[in-house]
Amino acid sequence: MQFHLNGFRPGDPDVQAPAPDLRDRSAPLPETIDVLIAGCGPAGLCLAAQLSCEPSIRTMIVEPKLAPMEKGQADGINVRSMEMFQAFGFADKVKRESVWINETTFWSPDPENPGQIRRVGRVQDVADGLSEMPHVLINQARVHDLFLDVMRNSPTRLEPDYGLMVADLVVDPAAQDYPVTVTLEHTSPGREGERETIRARYVIGCDGARSAVRQAIGGALHGDTAHQAWGVMDILAVTDFPDYRMKAIIQSEGEGTILFLPREGGYLVRLYVELDKLADNERVADRGMGVDDIIAKAKRILAPHSLEVKEVVWWSIYEIGHRLTDRFDDVPADQASTRSPRVMLAGDACHTHSPKAGQGMNVSMGDAFNLGWKMRAVLTGRAAPALLHSYTAERRAAAKSLVDFDHRWSRMVGSRAEDDSESAMPRVQREFIANGEFTAGLTVCYEASPLTGSGQHQSLAPGFPIGKRLHSAPVIRLADAMPMQLGHAIDADGRWRIFVFAGQDDSGQPDAPTARLCQFLEAAETSPVCRFTRPDEDIDAVIDVRAVFQQGFRDLDCSSMPSLLRPHKGRYGLCDFEKVFCADLKGGDDIFAMRRIDRSQGCMVVVRPDQYVAEILPLDDYEGIADFFEGSFLLV
C-alpha cells in the first residue's frame, strides 16, 4: 500500500483526504446529481464504492430500508470476487473473518437402508491452480459493511440515503446535462409516500428483481420457474452430522435435498432445504409454510443424524426462478448508433437465479465492477459516452451464461438421488467437478471489441487468455525483495495497466527491448501514456506501466531501470519504487513458466481497470499499443 506521496499522512491510510464541497447531509436533497444508484445491495454498493473515490463525481445511492442490512440473504464469495476484493483493499479482512470452503462432501441414500443417508464422496472445493484466493462464506451484510467503509473513507465521504426509493423516472434523450428526471419516494416513518424529484446524468438500477428502474425503461425479466419451494435458514444447532463444518450436498431417497453450508464464526450454519413441489399456478405464500416446516424437513433428510436447533438467526422460503432481462439499458437497439445509455441495470434487476451455485451476489458485483470504471472514465472526461454501450454487450452475455448454468445445476441438486453404484462417484459430484471453474467465477470471457484484443499474439503468453481476468502469480518486488502476487498491484482506481514481461537476456539495460519500449511510452508523440495523460498529472495517472524480469531480485539493479519504471510523482517529485518485479526463483513459482510467457521475446500484457486481460503484444509493437488505446474510447 502506498501513501505519503503528497506529504506525511498520520493515522489510518485508508482514510483519504476529503474532497472540497462535500454534500451537506442536513440540507434538502440536491436538485441535480451525476449518478443516482437505486439500491444498497452488493451491486449498488460495489458501484458506489468505485465512484465515491473520484472527488469530482457527485454520487447518490438510495435505499428504501431504513438502515444497513444485518443478516440473511447471500453468503458465498467465489475466488473471482475475492480477487476483486483485493483491488478494493479488504480481501485480507474477508479471509480472516470468513469460513473457507476447502472440501465439499456428497451424501446419498444408503442402499442397505434407503431411508438413511451416507457419505458417498468428497472433493477439493477449488482445484489447485485456479487462483491464489479461497472460496469463502460470509454474511452478505458484512460485505455491505466493507463497501460502506470504502465509501465513508473516500474523498466524497459517500453515505447512503436510507428511507428513499426510486418510484419512477423519465429520460429526455434530447437533454444534454441532466436528462434523467427521477421521482423519489420516502419510506421512513412520518414521511411515507412523500415524493421529491431530482435530475441525474445517469441512473443505475440495482434495486432487485422487482426493479422500478427496469420497469421505468420498459424492461422485463423473462425465463421460467421450477415450481419448487425451498427453505433457507441460518441456525445455531447441536448435531451429530459429521460434516457440520464442511460444505455438503445431501440427496435423500424420498424427502428431498439439503445444501449444507458452514458459516463464519465457527458455530453458525446455513441450510438450503428442499420443501414442496408447487402447482403451475401456485405461489410459495399460498402454502403458508414457516421455519418449523424447514426444520422438520431438514431433520427427516438428515436421518439417521440428529439436528437440535437452538436458535434461528434468519430464515426465508422462496421459489426457484431463472430469469434474464431483455435490456440492460434504456437505449432501443435501433438507436444505439445515435444515443448512449443514461439508465443501466445491474444485479438482480437484470438477472435472477437460485442460490444453489452461489453465484448471485458474485455476478451482481461483477456487473458493478465492469460498469464502475467505465462510468468513472466517462464522467471525468477520460472516455466517450459510447463506452457505456460495452456494459450491456459484455455483461448480458455473462448473465445469460449464469442463468443457463443455474437452470441445469439447480435441477441437478434438487433431483432425486440416482443409483450410481456402477460409477466411481455420484453424478452430482461429477458435475460439481466439471463445473468448478464456472462456480469459481473464472469462465467469463469478453469477446473481441475495442476493449479486448483479437488474440493475434496470444501465443506469447497462453496463460493470460485475452478476455479473461488476469490470472495472478507470485513475483518478487525488486526494490524491497517483497514476495507478492502480481495481480495485487492492481487497485480499483480506474487505471489501465501495461505489464512488460522482459525477454531472457533483458535486465533493463539501455537499448534492450524493455528500455526501448519504456522510452517510447514515456516520450513518443504517439505513445498512449503521453497522449492520454494530462500535463498536470503524474505519468501513471491513466496507464500504469510495470515490468517483470526473469532474473532473480539480487541480480538486478533498481537504480538502473528505465526512468518510466521509477517515476517521480506528486508535489515533491518522490520516486515510486514499486514498478519492477522479478520471477520468484527462490520460491520456485516462476511466473514465466506458470503463465507460459515466451522467454525469448517477452511481451506486453495490457490489463483493463477491472482486471481483465485486454491485449497481448510483442515488446516492439509500438504501433500496436498505440492503436489499441486509440480505439479504447480514451480521451485526453
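In which hand of crossing does H2 pass H8? H2 passes H8 in a left-handed crossing, a term that applies if the near helix is turned anticlockwise from the far one by less than a right angle (right-handed if clockwise). The model is predicted, with local features needing pLDDT of at least 70, side-chain atom pairs counting only at pLDDT 80 or more, and totals for chains, interfaces and linings using all residues. Residues are numbered from 1 along each chain as its sequence is written, and side-chain values use heavy atoms, with hydrogens and water left out. Helices (H or I, at least four residues) and strands (E, at least two) are DSSP runs, numbered from the N terminus.

**Helices H2 and H8**
- Helix H2 (residues 79–88) packs on helix H8 (residues 360–379) at an angle of about 45°, the axes lying 10 Å apart, where axes are lines fitted to C-alpha atoms over the stretch in contact and angles run from 0 to 180 degrees between N-to-C directions.
- H2 is therefore oblique to H8, given that angles under 35 degrees count as roughly parallel, over 145 as roughly antiparallel, 65 to 115 as roughly perpendicular and the rest as oblique.
- From H2, Arg 80, Ser 81, Met 84, Phe 85, Ala 87 and Phe 88 meet Asn 362, Met 365 and Phe 369 of H8, contact meaning heavy atoms within 4.5 Å.
- The contact of H2 with H8 comprises six nonpolar, two polar and one charged residue (Ala, Val, Leu, Ile, Met, Phe, Trp, Tyr, Cys and Pro count as nonpolar, Asp, Glu, Lys and Arg as charged, and the others, Gly among them, as polar).

**Helices H1 and H4**
- Between helix H1 (residues 42–52) and helix H4 (residues 140–153) the packing angle is about 15°, with the axes 8 Å apart, which means that H1 is roughly parallel to H4.
- H1 passes H4 in a left-handed crossing, and the contact of these helices has nine nonpolar, three polar and no charged residues.

**Helix H12**
- In helix H12 (residues 513–523) the buried residues are Thr 514, Ala 515, Leu 517, Cys 518, Phe 520 and Leu 521, buried meaning under 20% relative accessible area, exposed over 50% and partly exposed in between (1.4 Å probe, protein chains only).
- Those buried residues pack against several elements, including strand E21 (496–501) and helix H15 (622–630).

**Asp 590**
- Asp 590 sits in the loop between strand E25 (580–583) and helix H14 (591–594), and counts as buried because its relative accessibility is 14%.
- Leaving aside neighbours within four places in sequence, Asp 590 is in contact with Ala 583, Asp 584, Leu 585 and Arg 599.
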